[in-house]
Amino acid sequence: MTTNVSIIGLGLIGGSLALALKRNPELIITGFDRSYKSADEAYRRGIIDSVAPSVKAAAKEADYIIFAVPVAATVQLLQEAVTWDMKSSVIVSDTGSTKKPIMSAAQGLIEKGITFIGGHPMAGSHKSGISAAIGHLFENAYYVLTPAENGHPDDLERMKTLLTVTRGKLAVLDAAEHDQMTAVVSHFPHIIASSLVNMLSSQEQGQPFVRRLAAGGFRDLTRIASADPVMWRDITVQNKEQLVDQLDRWLSEMHSVRKMLNESDPDSIQQFFDDAKHFRDNLPSVAQDAAQGALYMQFDLHIDIPDHPGVISEITRILASNEISLTNIRIVETRTDVYGILVISFRSAAERNNAAQVLEKETEYSMQIL
Ligand SMILES: NC(=O)C1=CN([C@@H]2O[C@H](COP(=O)(O)OP(=O)(O)OC[C@H]3O[C@@H](n4cnc5c(N)ncnc54)[C@H](O)[C@@H]3O)[C@@H](O)[C@H]2O)C=CC1
Ligand SMILES: O=C(O)C(=O)Cc1ccc(O)cc1
């Protein structure tokens with residue numbers, strides 16, 4: 001028996017979800033994107049089985065419809081969907097980073113007797129578009145589901161079963177709680193990252209050289225400021241209340257920091273850094289096993305490399321000859337002396353550790369698992 005899944009929005013998340021769902025051979029995946037170029041690329045790469053001519057056509061025969069468009073477009077499409085012709089047994093879901101406004105927008109569908117279960121795979125990147133889609137994006141990451149209040153438990157089970165192949169960690173949350181928690185771990189940090197970059201940009205007016213000094217820490221902290229502004233505009237608008245709350249807390253925190261600086265008490269300053277380090281070091285994250293969980297899993301190996309040609313190809317050759325696949329490779333543009341840092345990402349902690357062992361044996365570069 002085949003099951004029809006329609007994915008609306010074939011960007012990073014829709015494309016990655018389609019790739020993951022294709023692990024289940026019983027699923028037929030139809031895609032629709034308002035950009036024909038994206039839909040065409042998804043079809044040509046074999047990410048979807050067919051391209052629907054319109055969003056309504058994609059919805060008609062679907063057993064599952066998943067919206068993977070920016071959250072403002074999701075709200076609009078959910079409101080329009082009340083007029084669409086759909087199977088009465090269909091489950092409609094989404095991948096949006098906010099949940100409360102989306103659950104409200106789905107109310108019309110729910111009142112019509114259609115099942116809507118909100119969804120948010122909590123993995124992604126600052127990249128967007130179908131070209132960035134990867135099938136293992138959601139592995140080991142939390143995939144939050146927010147069922148409607150009167151939703152049937154069997155439908156939730158059906159949705160969970162569909163998503164099992166993503167290998168994400170399915171978690172059921174209340175939509176309001178979801179928006180509160182994502183405000184602190186994702187949405188507000190995004191605002192801070194963009195503010196730091198804007199501060200650098202204005203300082204650059206008077207000190208053009210300063211951009212060259214923006215190295216390691218600054219880049220780590222602000223990577224997410226390179227994400228799609230439209231996506232983040234929509235998230236910020238939809239989670240405004242929680243963001244204002246976070247901002248008030250931040251301002252009060254900064255007020256304490258200012259006081260601490262003015263008082264210049266070395267013990268309090270060290271305590272401030274100690275507290276943050278202790279909490280940060282104990283977060284379930286990259287250095288720990290995936291089973292312990294983290295919001296955004298990445299398994300990075302940092303390698304100190306000398307600045308001469310051929311080093312990267314030497315390292316990738318060693319990995320390839322040991323059949324270890326990497327998911328990302330980049331040079332961190334910090335140079336303390338002649339060394340640079342090559343950061344290689346892997347799908348799992350086991351692959352990363354294996355790579356470290358092999359490289360330790362076959363090269364003299366020093367490396368760290370962070
Ligand atoms: N980028 C990330 O890291 C994550 C994003 N999300 C959420 O997933 C959703 C999708 O994000 P991405 O895939 O990153 O964005 P994206 O920009 O890579 O893809 C969105 C796609 O939707 C299409 N689209 C926009 N409006 C449309 C409409 N009205 N009808 C049909 N297609 C339309 C665009 O052409 C684009 O191909 C967003 O709601 C975002 O909040 C969730 C987790 C992580
Ligand atoms: O790039 C990163 O690290 C992200 O934070 C990706 C991300 C963006 C939006 C989400 O709702 C979830 C994850």
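Tutor: Helices here are DSSP runs of H or I with at least four residues, strands are E runs of at least two, and both are numbered from the N terminus. This is a predicted model: local features need pLDDT of at least 70, side-chain atom pairs count only at pLDDT 80 or more, and totals for chains, interfaces and linings use all residues. Residues are numbered from 1 along each chain as its sequence is written, while chains are lettered from A and ligands numbered from 1 in the order in which they are written.

Helix 8 covers residues 175–206 and helix 11 covers residues 240–263. Their axes come within 9 Å and cross at roughly 65° (lines fitted to C-alpha atoms over the stretch in contact, with angles from 0 to 180 degrees between N-to-C directions). The two helices are therefore roughly perpendicular (65 to 115 degrees; under 35 is roughly parallel, over 145 roughly antiparallel, the rest oblique).

Now the residues. From helix 8 come Asp179, Gln180, Ala183, Val184, His187, Phe188 and Ile191. They meet Gln242, Leu243 and Gln246 of helix 11 (C-beta atoms, placed from the backbone, within 7 Å). By class, this contact has five nonpolar residues, four polar and one charged (Ala, Val, Leu, Ile, Met, Phe, Trp, Tyr, Cys and Pro are nonpolar; Asp, Glu, Lys and Arg charged; the others, Gly among them, polar).

Compare another pair. The axes of helix 13 (311–321) and helix 14 (349–362) come within 10 Å and cross at roughly 120°. That makes helix 13 oblique to helix 14. Their crossing is right-handed. Ile315, Ile318 and Leu319 meet Ala355, Val358, Leu359 and Glu362.

Next, the wider setting. The chain is divided into domain 1 (3–173), domain 2 (178–281) and domain 3 (298–369) (bounds from an automatic or database assignment). The centres of domain 2 and domain 3, taken over C-alpha atoms, are 29 Å apart. Domain 1 and domain 2 both give residues to the shell around ligand 1, so ligand 1 lies between them.

Definitions and conventions. Left-handed = near helix turned anticlockwise from the far one by under 90°. Contact = placed C-beta atoms within 7 Å.
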